[in-house]
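Here are my notes on this model. Please read them with the structure open.

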Amino acid sequence: MTNTLQQTPVVDVKPIDQFDAIIIGAGIAGLYQLYRLRQLGLAVRVYEAGSGVGGTWYWNRYPGCRFDSESYSYGYSFSEELLQEWDWSEHFAAQPETLRYLNYVADKFDLRRDIQFSSRIASATYDEVGNYWEIRTEKGDSARANFLITAIGVLSAPQMPNIPGLDEYKREWHHTGLWPHAPVNFTGKRVGVIGTGATAVQLITAIAKEVGQMTVFQRTANFCAPLRNTPIDPKTQKKIKASYPDIFKRCSETPAGFLHDFDPRLALEVSAEERQAFYEKIWAEPGFSKWLGVFRDVLSNLEANETFAEFVRNKIRARVKDPKVAEKLIPKDHPFGAKRVPLESGYYEVYNQDNVVLVDLNETPIERITTKGLKTGAAEYEFDIIIFATGFDAVTGAFNRIDFRGVGGKALKEKWADGPHTYLGLQSAGFPNLFTLVGPHNGATFCNIPRCIEQNVEWVTSCMRYMREHDYKRIEATPEAENVWTEHVAETAARTLLPLADSWFMGANTPGKPRNFLLYAGGSPVYRKKCEEVAAKGYEGFRLQ
Ligand code: NA7
């Protein structure tokens with residue numbers, strides 16, 4: 001095993017695996033980072049908690065799980081051969097296909113031989129004298145490397161609601177983010193679903209066809225918009241494969257790395273007729289045009305936002321037969337698009353089924369889980385299966401599950417207790433040689449994720465190459481650069497309506513978590529340019545030694 005970056009040989013009585021770099025996570029980011037670091041000739045090991053590759057697409061196997069990105073805008077762009085070989089079957093592929101794709105990538109590039117599966121990292125400690133990171137898995141394995149790279153995902157720490165009584169419940173239950181590998185049989189079953197976020201919207205629509213009876217417990221109504229998914233026919237497939245350079249160029253130019261971009265007009269400067277016609281046009285289009293293709297002031301000006309919010313509310317009213325149920329499904333407490341917009345395929349019509357009931361938890365909160373179901377302030381429900389579609393301790397949750405210790409034994413969790421402090425969302429001062437792919441404040445978090453993952457991975461890879469070429473062994477963000485970036489993240493978010501919703505973007509879905517914007521809302525082209533400038537100036541804002 002070569003260890004080209006290690007300067008000081010580590011002396012230890014125990015045999016311990018040593019690498020140039022350790023990557024945590026074998027999802028989209030971890031797989032690509034492994035591929036790139038191998039090209040640098042480095043010895044790399046990936047640790048993955050799951051028994052297979054795929055990250056988000058490995059864990060979220062719930063019925064109905066699929067892309068809200070156009071499939072061909074989501075795959076890796078680095079290999080022309082891969083692009084030409086892989087056929088996406090639908091414009092918005094379902095989870096099994098995406099997981100197949102990621103397995104195909106792992107096999108094609110022979111990535112598995114450097115991945116240790118079923119190994120969750122418990123701790124990672126930086127050794128100042130030796131300038132290495134030592135990781136320990138929950139099973140007690142350990143290893144060392146000069147660089148530690150987290151690829152642990154944005155939505156990978158599933159969150160159960162804090163409702164008393166779960167330990168007393170004796171029947172089947174699942175969290176959508178930890179879905180079993182064997183199919184769950186919903187046929188004729190009485191099912192309770194807690195949550196109405198993007199995940200629940202997909203799940204509820206998918207299982208509505210099978211359940212005997214379903215009760216949905218909603219705390220906050222969401223603005224959902226039609227996905228309009230269709231299969232890809234052979235002619236379109238050919239066209240897509242011929243236009244990958246244009247697809248990726250387009251994604252690189254839009255604020256969130258999708259194929260959709262905001263309309264340059266302002267909602268309030270066009271006539272009511274023109275506005276209505278435009279809203280109808282984008283409503284009829286597939287994908288996120290309804291969120292990321294609206295007038296450019298809709299996500300930054302409340303009055304403009306209200307014009308589209310009311311348009312969407314009317315669309316919901318038109319689809320739900322019972323006006324009382326429709327009103328419950330209509331959001332009134334946050335601006336349109338301040339939360340990620342769930343894209344749906346028949347969600348609202350589910351509530352027209354006789355065997356589906358919507359319970360508004362604002363009227364009748366859940367009191368407790370019982371042995372057979374759950375109890376609200378108004379009624380007791382018996383279920384065969386309860387589904388918790390209650391989301392994730394987002395962005396920082398995955399970091400908090402690992403005991404990261406930096407310079408002086410400082411815990412990352414402690415440093416981030418009042419919210420993350422990062423430079424470019426790629427490093428945190430006091431944690432040298434630790435790179436956080438798609439970490440908090442990183443441009444890749446508010447993005448069509450693989451597009452921005454590629455940027456993150458390529459930046460980290462170039463940085464490591466630069467360090468080798470200049471004989472640097474240690475890189476650490478300066479506290480000054482970190483403060484400037486952390487303030488910039490908050491200021492950029494404040495220019496939008498995003499902080500006005502209690503969303504996972506704000507950490508507001510996790511009880512007790514401080515309210516902070518966890519992503520980067522400045523847009524991926526701006527983020528990319530900043531990263532490029534930093535690199536061009538010899539990694540300005542980092543201390544290299
Ligand atoms: P989300 O968007 O965080 O949604 C979680 C849902 O669960 C949401 O409706 C929550 O209501 C609800 N929830 C959470 N805790 C509770 C409790 N204690 N009681 C009742 N209801 C609760 O997660 P998703 O998995 O749907 O989506 C995450 C992302 O995945 C999504 O943005 C896409 O990018 C893909 P709340 O709204 O907090 O009142």
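1. Start with the shell around the ligand. By class, its residues split into eight nonpolar, eight polar and three charged. The shell holds 19 residues, and those that come nearest are Thr-196, Thr-199, Arg-219, Thr-220 and Trp-504.

2. Thr-196 places a backbone N or O atom 2.9 Å from an oxygen atom of the ligand. Trp-504 uses its side chain: a polar atom there lies 2.9 Å from a ligand oxygen.

3. How much of the ligand does the protein bury? The ligand taken alone exposes 780 Å², and 85% of that is buried by the protein.

4. Now the second largest pocket. Its volume is about 430 Å³. The lining comprises 16 residues. Pro-255, Phe-262, Thr-496, Ala-521 and Gly-522 lie nearest the centre of this pocket. Eight lining residues are nonpolar, six are polar and two are charged.

5. Finally, confidence. The protein has an average pLDDT of 96, and 97% of the residues score at least 70. Residues 1-6 are below 50. That stretch still has 24 contacts in the model beyond near neighbours in sequence. Where pLDDT is low, predicted coordinates should not be read in detail. I would ask that the text state the pLDDT below 50 for residues 1-6 wherever those contacts are mentioned.

Terms used:
Residues numbered from 1 in each chain as written. Predicted model: local features only at pLDDT ≥ 70, side-chain atom pairs only at ≥ 80, totals over all residues. Heavy atoms only, no water. Near = heavy atom within 4 Å. Polar contact = N/O pair within 3.5 Å; in protein donor to acceptor, adjacent residues only side chain to side chain. Areas by Shrake-Rupley, 256 points an atom, 1.4 Å probe, with all protein chains shown as cover. Nonpolar A, V, L, I, M, F, W, Y, C, P; charged D, E, K, R; others polar. 1 Å grid on protein atoms, 1.4 Å probe; cavity = no way out; pocket = protein on both sides within 12 Å on 5 of 7 lines; lining within 4 Å. Points joined across faces, edges and corners; volume = space filled by probe spheres on them. pLDDT = per-residue confidence, 0-100. Contact = heavy atoms within 4.5 Å.
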